[in-house]
Amino acid sequence: MSSDILSTIGYDNIVQHLNNGRKNCKEFEDFLKERAAVEEKYGKDLLNLGRKRPCGQSEINTLKQALEVFKQQVDNVAQCHIQLAHTLREEARKMEEFREKQKLQQKKTELIMDAVHKQRSLQFKKTMNAKKNYEQKCRDKDEAEQAVHRSANLVNSRQQEKLFVKLATSKTAAEDSEPVWWVQEPPSCLDSEPRHVHSTADKAYMLHVNMLDKIREEWQSEHIKACEVFEAQECERINFFRNALWLHVNQLSQQCVTSDDMYEGVRKSLETCSIEKDIEYFVNQRKTGQSPPAPVMYENFYCPQRNAAPPGKATGPGPTVARRGLPPVPPSVQGDPDYSLLADYSLLYQ
C-alpha cells in the first residue's frame with residue numbers, strides 16, 4: 001500500500017493560498033491606515049498654514065473679498081482631507097473585520113480537516129503494522145513448510161519431530177480456523193497444492209484495510225466540503241477586496257472633485273474682482289481734499305515786508321529760506337547807556 005494516500009499537498013496549497021489572501025488584505029488594510037495618516041497630516045498642516053501664514057490682510061474691497069473666499073476654501077479643503085482620513089480608517093476597520101471573520105471560518109474547517117487527517121494517518125500506521133505482521137507470519141509458515149519438505153527423507157525422527165513442531169507453531173500463529181491435522185500425517189501430504197487460509201493476521205490486516213478505506217472515504221467527503229467552503233471564502237474575499245479598492249479610488253477621486261469645486265469658488269470670486277472699483281474705493285476712503293497744498297513762499301530776512309515771490313522765481317543769493325525782519329529799537333530808560341544808530345549798525349556809546 002502506497003503512502004501517497006497520506007499526501008495533503010493539494011489541501012496544503014489551498015490553505016496556503018487562503019493565508020496569502022488574508023495577508024494581502026492585511027497589507028491593504030495597513031496601506032489604508034498609512035494613507036489616512038498622510039491625509040490627516042496634510043489637512044492639519046494646511047489648516048496651520050492658513051493660520052500661521054495669513055496672506056493679503058491689508059487688501060481692500062473686491063480683492064479682499066476674493067482672498068477671504070480663498071482662505072475659507074483652503075480651510076474647507078483641509079477639513080475634507082481630515083474627513084477623508086476618518087473615512088479611510090473606517091474602511092480599514094471594515095477590512096480588518098472581514099479578514100478576522102474569514103480567519104475564524106477557515107479555522108473551523110481546518111480543525112475538522114486536521115482531525116480527519118490525524119485519524120487517517122493513525123489508521124494508516126495501524127494498517128501498515130498489521131500488513132507487516134501478516135507478511136511476517138506468512139513468511140515464517142512458508143519457511144517452516146519448506147524445511148519440512150527438505151527433511152522428508154531424513155532418517156532421524158527426532159529432527160523431523162522438531163521441524164513438525166516448528167511448522168505447527170508457525171501454522172497456529174498464521175491460521176485461525178484450520179486444525180493442525182497435518183502434524184500426524186506423513187510428510188508426503190505436504191506435497192499437495194497450497195491452500196488459501198484465513199489467518200488471524202490476515203483477518204486483522206483486512207480489517208484495518210477496510211477501516212482505512214472507510215476513513216479515506218470520510219476524509220474525501222470532508223475534503224470536498226472544505227474545498228467548497230474555501231472556494232466560497234476566496235470568491236467572497238476577491239469580491240470584497242476588489243470592491244474595497246474600487247471604493248478607495250472613488251473616494252480619492254471624489255476628494256479631487258470636491259477640492260476642485262472649492263477652488264472653483266475661489267476662481268468665481270476672483271472674476272468679480274474689479275481693479276477700477278478697488279482703486280476708486282481706496283481713493284474714496286483715503287482722499288484728503290480737492291485742492292493741492294499751497295506753495296511755500298519766499299520771505300526775505302531783512303525785509304520788513306514779506307513780499308511774496310512766485311515759487312521757482314526767488315532772486316538773490318543764498319537759499320530761499322524764510323527770515324525774520326529787523327528787530328525794533330528798544331526804548332531808552334533812565335540810567336541805560338545811550339545807543340547811536342550808524343547806517344544799519346547800532347553801536348554802544350560809552
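**View 1. The largest cavity holds about 30 Å³ of space.** This is a predicted model, in which local features need pLDDT of at least 70, side-chain atom pairs count only at pLDDT 80 or more, and totals for chains, interfaces and linings use all residues. Residues are numbered from 1 along each chain as its sequence is written, and side-chain values use heavy atoms, with hydrogens and water left out. The structure has 1 cavity of 30 Å³ or more. A cavity is a set of points, on a 1 Å grid over the protein atoms alone, where a 1.4 Å probe fits but cannot get out. Its volume is the space filled by probe spheres set on the points, which are joined across faces, edges and corners.

**View 2. Residues that line the largest cavity are Leu-18, Arg-22, Gln-102, Gln-106, Gln-233, Glu-234 and Arg-237.** Lining residues have an atom within 4 Å of a point. H1, helix H2 (61–150) and H4 each give at least two residues to this lining. The largest share, 3 residues, comes from H4. By type, the lining has 1 nonpolar, 3 polar and 3 charged residues. Ala, Val, Leu, Ile, Met, Phe, Trp, Tyr, Cys and Pro count as nonpolar, Asp, Glu, Lys and Arg as charged, and the others, Gly among them, as polar.

**View 3. Helix H1 (residues 9–52) packs with helix H4 (residues 200–271).** The angle is about 20 degrees, and the axes are 11 Å apart. Axes are lines fitted to C-alpha atoms, for helices over the stretch in contact, and angles run from 0 to 180 degrees between N-to-C directions. H1 and H4 are therefore roughly parallel to each other, a term for angles under 35 degrees. The contact of H1 with H4 includes 14 nonpolar, 6 polar and 4 charged residues.

**View 4. Glu-218 lies in helix H4.** Glu-218 is partly exposed, at a relative accessible area of 38%. Buried means under 20% relative accessible area, exposed over 50%, and partly exposed in between (1.4 Å probe, protein chains only). Arg-120 is 98 residues from Glu-218 along the chain, and their C-alpha atoms are separated by 9.2 Å.

**View 5. The protein chain has 5 helices and 2 strands.** From the N terminus on, the elements run α-α-α-α-α-β-β. Helices (H or I, at least four residues) and strands (E, at least two) are DSSP runs, numbered from the N terminus. Of the 350 residues in the protein chain, 25% are buried.

How values were computed:
Parallel < 35°, antiparallel > 145°, perpendicular 65-115°, else oblique. 1 Å grid on protein atoms, 1.4 Å probe; cavity = no way out; pocket = protein on both sides within 12 Å on 5 of 7 lines; lining within 4 Å.
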